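Work through the exercises below with the model open. Try each task before you read its solution.

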Amino acid sequence: MNSKTKYVIGNWKMEPRTAVEARALFLSIKKQSSRIKNTSIIICPPAIFLGDLQMAHSGNKISIGAQNVFWENPSSGRGAFTGEISANQLIDSSVEYVIVGHSERRALGETNEIVAEKLHTIVEAKLTPILCIGERLRDEEGEYLSFIKEQIETALRDVPHNKIKNIIIAYEPVWAIGRGDDAMGPKDMHEVSLYIHKILVSMFGKKIASGVDVVYGGSVERSNAEELIKGGEISGFLVGHASLYADHFIDIVKIVDNS
Ligand code: PGA
């Protein structure tokens with residue numbers, strides 16, 4: 001693995017149901033993570049729970065991530081944008097990372113262009129983007145590779161070269177998300193990770209490209225994490241449903257930490 005840093009990112013999506021449950025889940029993960037040495041744990045709750053996690057977060061090395069941000073970053077960090085949350089407001093809630101381009105948001109209308117705008121905002125605000133990319137389906141002709149290429153090229157096109165190494169790319173094939181039993185195999189993962197690297201090299205050169213961390217997401221479980229991390233040439237995982245069970249999530253973190 002090229003990378004020095006390893007990550008396990010929990011994407012809670014629209015879970016759990018209440019702030020009390022969110023705090024309890026976070027505290028349980030925090031308690032069980034005290035022996036983790038080499039892996040950055042990032043928890044991305046729904047925005048409404050960011051304040052609750054911020055309170056539970058003190059003195060801990062778990063980082064907080066957001067699942068979304070508004071694409072415009074007015075210098076004041078505020079404005080007439082009903083329903084939106086600015087990068088400055090996220091920073092005020094101790095957020096350090098932001099998921100951008102998740103397939104579930106793309107399905108709601110987020111285009112490659114919007115993802116590029118948001119990515120720019122995140123980088124400008126000195127937050128770390130977790131850029132999600134991934135094909136909806138696999139085809140035998142290999143069209144899915146062009147799909148991935150376009151997602152990466154559009155998203156990164158306006159990012160200054162000296163900021164590229166701060167980006168985490170989460171490869172999440174849509175067909176593998178939320179299945180429970182159907183994650184991608186390590187061999188295919190390895191192939192895509194090389195392909196992503198090749199795209200980055202052609203855009204930014206070898207040195208910058210080798211600084212970008214690629215994680216995998218899509219039905220990562222404690223039962224398949226070891227096989228994926230060993231064979232996949234990746235820096236960690238973006239975990240959805242398994243991140244809602246503290247003991248499952250921590251088992252995945254331990255596997256990455258010991259890899
Ligand atoms: P999953 O979700 O682990 O439930 O497949 C991953 C994601 O959508 O980020």
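**Exercise 1. Find where L200 sits, and decide whether L200 counts as buried or exposed.**

Step 1. Relative accessibility of L200 is 2%. Buried means under 20% relative accessible area, exposed over 50%, and partly exposed in between, with a 1.4 Å probe and protein chains only as cover. L200 therefore counts as buried.

Step 2. L200 belongs to helix 7, residues 186-204. Helices (H or I, at least four residues) and strands (E, at least two) are DSSP runs, numbered from the N terminus.

Step 3. List the contacts of L200, leaving aside neighbours within four places in sequence: I152, L156, I169, G205, A209 and V212. Contact means heavy atoms within 4.5 Å.

Step 4. Now take a C-alpha distance. L200 and I164 are 36 residues apart along the chain, and their C-alpha atoms are separated by 9.4 Å.

A note on the source: this is a predicted model, in which local features need pLDDT of at least 70, side-chain atom pairs count only at pLDDT 80 or more, and totals for chains, interfaces and linings use all residues. Residues are numbered from 1 along each chain as its sequence is written, and side-chain values use heavy atoms, with hydrogens and water left out.

**Exercise 2. Describe the chain as a whole: what are its secondary structure, extent and cover?**

Step 1. Count the elements. The chain has 10 helices and 8 strands.

Step 2. Check the radius of gyration, taken over C-alpha atoms; the globule rule is 2.2 Å times the number of residues to the power 0.38. For 259 residues a compact globule would come near 18 Å, and the chain has 17 Å, so the two agree.

Step 3. Box the C-alpha atoms along the principal axes. The box is roughly 50 × 45 × 30 Å.

Step 4. Look at cover. Of the 259 residues, 51% are buried.

Step 5. Look at contacts with a separation of 6 or more. Residues 24 or more positions apart account for 72% of them.

**Exercise 3. Work out how strand 1 is covered and which strand pairs with strand 1.**

Step 1. Strand 1 covers residues 6-11, and 6 of its 6 residues are buried.

Step 2. Sort the side chains by direction. In a regular strand the side chains alternate between the two faces of the sheet. Here K6, V8 and G10 point one way, while Y7, I9 and N11 point the other way. All of these are buried.

Step 3. Find the partner. Strand 1 pairs with strand 2, residues 39-44, in the parallel sense over 6 bridges. Two strands pair if DSSP finds at least two bridges between them.

Step 4. Pick out a facing residue. V8 stands opposite I41 in strand 2.

**Exercise 4. Examine strand 4: how many of its residues are buried, and which strand joins it?**

Step 1. Strand 3, residues 63-66, runs parallel to strand 4, and 3 bridges join the two.

Step 2. I64 has V95 in strand 4 as its bridge partner.

**Exercise 5. Inspect the backbone at P16, S94 and K126.**

Step 1. Start with P16, in the loop between strand 1 and helix 1 (19-32). The peptide bond joining E15 and P16 is cis, with omega about -10°.

Step 2. Go to S94, in the loop between helix 3 (87-92) and strand 4 (95-100). S94 is not a glycine, and its phi is positive, near 70°. S94 is partly exposed, at 25% relative accessible area.

Step 3. Finish with K126, in the loop between helix 5 (112-124) and strand 5 (128-133). K126 has a positive phi of about 65° although it is not a glycine. K126 is exposed, at 74% relative accessible area.
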